[in-house]
Amino acid sequence: MGLDAEMGRLKWRCRRGMRELDKVTEGYLLKHYVDATPSQRRAFQHLLALPDPELLALIYQYTTADDTDIAHVLAAMRRL
C-alpha cells in the first residue's frame, strides 16, 4: 500500500465519535505521521483501534501507556 492510500485510510479512521479526538488524531496524522518511525506509525495505528473512551483517557492522562512509542505519539498529540 502506498503512503497516499495509507494516509487516506488512516484519515478515515481518525473520524471518531468525539470532536476532540478527531482534532488530535487527524492533527497527528497530518503533522507527524509521514516523519514518524515505523514503530511510531504502528503505535498510532494501535491507538486508532482503541475505543474512544480508552483513547481519550490516554490523551488526557487518566491512564498511562507503558509502550514508549505509544507514549511518544500521545505526547505529540497533546502538543497539538
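Gly-27 is buried, with a relative accessible area of 14%, where buried means under 20% relative accessible area, exposed over 50% and partly exposed in between (1.4 Å probe, protein chains only). The residue lies in helix H2; helices here are DSSP runs (H or I, at least four residues), numbered from the N terminus. Leaving aside its neighbours within four places in sequence, Gly-27 is in contact with Asp-22, His-32 and Leu-80, contact being defined as heavy atoms within 4.5 Å. Gly-27 and Tyr-60 are 33 residues apart in sequence, and their C-alpha atoms are 16 Å apart in space.

The model is predicted: local features need pLDDT of at least 70, side-chain atom pairs count only at pLDDT 80 or more, and totals for chains, interfaces and linings use all residues. Residues are numbered from 1 along each chain as its sequence is written, and side-chain values use heavy atoms, with hydrogens and water left out.

Helix H2 covers residues 19-31, which is 13 residues. From its first C-alpha to its last, H2 reaches 18 Å, close to the 18 Å expected at 1.5 Å a residue; the expected span is 1.5 Å times one less than the number of residues. Besides Gly-27, the buried residues of H2 include Leu-21, Val-24, Thr-25, Tyr-28 and Leu-29. Which helices do the buried residues of H2 pack against? They pack against H1 (3-13), H3 (38-48), H4 (52-59) and H5 (68-78).

Two packed helices are described by the angle between their axes and the distance between the axes. Axes are lines fitted to C-alpha atoms, for helices over the stretch in contact, and angles run from 0 to 180 degrees between N-to-C directions. The axes of H2 and H3 come within 12 Å and cross at roughly 160°. That makes H2 roughly antiparallel to H3, since angles over 145 degrees count as roughly antiparallel, under 35 as roughly parallel, 65 to 115 as roughly perpendicular and the rest as oblique. By class, the contact has four nonpolar, two polar and no charged residues. Ala, Val, Leu, Ile, Met, Phe, Trp, Tyr, Cys and Pro count as nonpolar, Asp, Glu, Lys and Arg as charged, and the others, Gly among them, as polar.

H2 also packs with H5, at an angle of about 110° and with the axes 9 Å apart. The two helices are therefore roughly perpendicular to each other. Val-24, Thr-25 and Tyr-28 of H2 make this contact with Val-73, Ala-76 and Met-77 of H5. Its residues divide into five nonpolar, one polar and no charged.

The axes of H1 and H3 come within 10 Å and cross at roughly 30°, which makes H1 roughly parallel to H3. The contact joins Leu-3, Glu-6, Arg-9, Leu-10 and Arg-13 of H1 to Arg-41, Gln-45 and Leu-48 of H3. Three of these residues are nonpolar, one is polar and four are charged.

The loops remain to be considered. Asp-35, in the loop between H2 and H3, is exposed, with a relative accessible area of 68%. Gln-61, in the loop between H4 and H5, is exposed at 54%. The phi of Gln-61 is near 65°, a positive value in a residue other than glycine.
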